[in-house]
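Hi everyone, thanks for coming.

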Amino acid sequence: MTKSIKMWLLGIFSLCFLLPVKALQPQDSIRFSLLTCAPGSEIYALFGHTALRYQNFSDQTDLVFNYGMFSFNTPHFVFRFVKGETDYQLGITPYPYFESEYALRGSSVYEQELNLTPAEKWKLLSLLEENYRPENRVYRYNYFYDNCTTRARDQIERSIDGTVVYPEGKEGKEGKTFRSIVHEFTAGSSWDELGIDLCLGAEADKPIDSRLQMFAPFYMRDFAAQAYILQPDGSRRPLVAKETKIVDVVPEEAAPSFPLSPMLCASCFLALLVLVAWWQWRIGRIWWGWDLLLFGLQGLAGCIITFLFFFSVHPTVSSNWMLILFNPLPLLLLPWGIRGVVKGKKDWFYRVNCVYLTLFITIIPFSPQEFNLTVLPLALGLLVNSVSHVLVLKKRYK
């Protein structure tokens with residue numbers, strides 16, 4: 001037997017020996033992806049959504065782990081939401097159902113395949129399965145600090161053998177605050193933006209770093225796209241292997257909303273109060289029923305702001321300077337003001353209110369809180385009403 005024949009037979013023998021060994025090695029049939037869903041028209045969907053997709057090609061498994069599950073039918077849902085005690089939970093949905101839901105909603109979905117090792121994928125799956133246990137799946141939702149996006153990010157980071165390094169100082173991300181990011185997603189929903197602005201306090205206007213900015217799904221998507229994994233040996237690999245738009249739909253047309261903007265309504269409110277003030281001064285008489293409505297609404301709004309300020313555990317609401325304008329004091333002091341009007345006597349209530357509202361309007365540009373501009377005509381309207389009372393009573397007792 002020649003040497004060449006021996007080498008050929010040895011090669012065949014080695015190949016036959018190695019094939020079974022290779023077949024016994026575990027194959028990487030698992031893929032994890034970060035899903036980012038475009039905003040919807042409802043207020044809870046204005047900022048988009050984040051979920052994790054798990055695919056196992058060996059057994060045709062395709063599931064979505066979703067930390068954003070909640071139910072409006074939960075007992076006392078509205079009260080608990082206002083108080084900041086809303087419970088969300090981790091849910092598992094077959095991917096086709098998840099895809100259909102967002103396609104019907106008119107929300108596109110972006111998929112970022114995670115560049116994980118087989119061991120990291122198994123660890124991530126184990127973490128998610130542990131989170132899905134009945135005793136672990138429910139968590140106390142916190143919009144800025146613990147939501148569907150931050151939960152997904154944290155589980156990804158826990159599964160990685162190394163450190164995830166996100167970009168710092170990215171152009172356009174400097175000087176961001178919670179409020180400024182919220183405004184990016186409420187730009188087309190002025191009434192929703194006003195409501196949120198009235199509730200958020202000065203804490204929402206402090207600059208936040210890149211990690212805190214990741215509370216917003218699309219910010220998380222942008223940071224993940226540029227992040228890399230720093231491995232124990234000092235080598236690097238990108239966190240995201242590739243990105244695909246897996247649901248590409250035209251956004252659904254938003255339902256018709258109130259046609260007038262908050263600023264226009266507030267300006268009309270101011271104009272109405274100027275007209276009423278002029279008419280009261282002209283006839284020399286104050287309409288106490290108008291005061292009852294005006295200060296009653298101010299006091300009721302103040303009750304909501306006061307409750308949030310003192311009792312809600314929502315982040316940032318306990319530093320709300322709007323408490324100066326909207327508080328329950330008008331409801332408590334209104335009887336004295338109305339009694340003075342009915343009896344035609346001079347009353348300190350409106351004089352103090354003039355000084356009080358003037359000081360509030362003066363400090364707006366200097367406060368650490370960014371106020372919604374709609375607040376200015378509202379405060380001016382209340383000031384005009386109090387000034388008119390002082391002038392009418394002064395005219396009457398000349």
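Let's start with Lys 206, which counts as partly exposed because its relative accessibility is 44%. Quick word on that term: under 20% relative accessible area is buried, over 50% is exposed, and partly exposed is in between, using a 1.4 Å probe and protein chains only. Lys 206 has a partner, Glu 203, and the two form a salt bridge with their closest N and O atoms 2.9 Å apart. Glu 203 is partly exposed too, at 36%. By salt bridge I mean a side-chain nitrogen of Lys or Arg within 4 Å of a carboxyl oxygen of Asp or Glu. Side chains of opposite charge can pair when their charged atoms come close.

Before I go on, a note on what you're seeing. This is a predicted model, where local features need pLDDT of at least 70 and side-chain atom pairs count only at pLDDT 80 or more, while totals for chains, interfaces and linings use all residues. Residues are numbered from 1 along each chain as its sequence is written, and side-chain values use heavy atoms, with hydrogens and water left out.

Okay, back to the charges. The salt bridge count comes to 17. Another one is Glu 130 with Arg 133, at 3.0 Å between the closest N and O atoms. Glu 130 is partly exposed at 38%, and Arg 133 is partly exposed at 42%.

Now, which parts of the chain does the pair Glu 157 and Arg 211 link? Their side chains meet in a salt bridge, 2.7 Å from N to O. Glu 157 sits in helix α5 (residues 148-159) and Arg 211 in helix α8 (residues 210-213), so the pair, 54 residues apart, links distant parts of the chain. Arg 211 is partly exposed, at 35%. Both residues also belong to a network of salt bridges with Arg 153 and Asp 154.

Zooming out, the chain has 14 helices and ten strands. Of its 398 residues, 43% count as buried.

One buried residue I like is Leu 294, in helix α11, with a relative accessible area of 7%. Leaving aside neighbours within four places in sequence, Leu 294 is in contact (heavy atoms within 4.5 Å) with Phe 269, Leu 273, Leu 382 and Asn 385. Asn 385 is 91 residues away along the chain, yet the two C-alpha atoms are separated by 9.1 Å.

Last stop: the second largest pocket, with a volume of about 510 Å³. Of the 21 residues lining that pocket, the closest to its centre are Phe 269, Leu 297, Ala 301, Phe 326 and Leu 378. On a 1 Å grid over the protein atoms alone, a pocket is an open set of points where a 1.4 Å probe fits, with protein on both sides within 12 Å along at least five of seven lines, and lining residues have an atom within 4 Å of a point. The volume is the space filled by probe spheres set on the points.

So which helix gives the most to the lining? That would be α11, with eight residues. By class, the lining has 18 nonpolar, three polar and no charged residues. Nonpolar covers Ala, Val, Leu, Ile, Met, Phe, Trp, Tyr, Cys and Pro; charged is Asp, Glu, Lys and Arg; the others, Gly among them, are polar.

That's it from me, thanks!

How values were computed
Helices (H or I, at least four residues) and strands (E, at least two) are DSSP runs, numbered from the N terminus.
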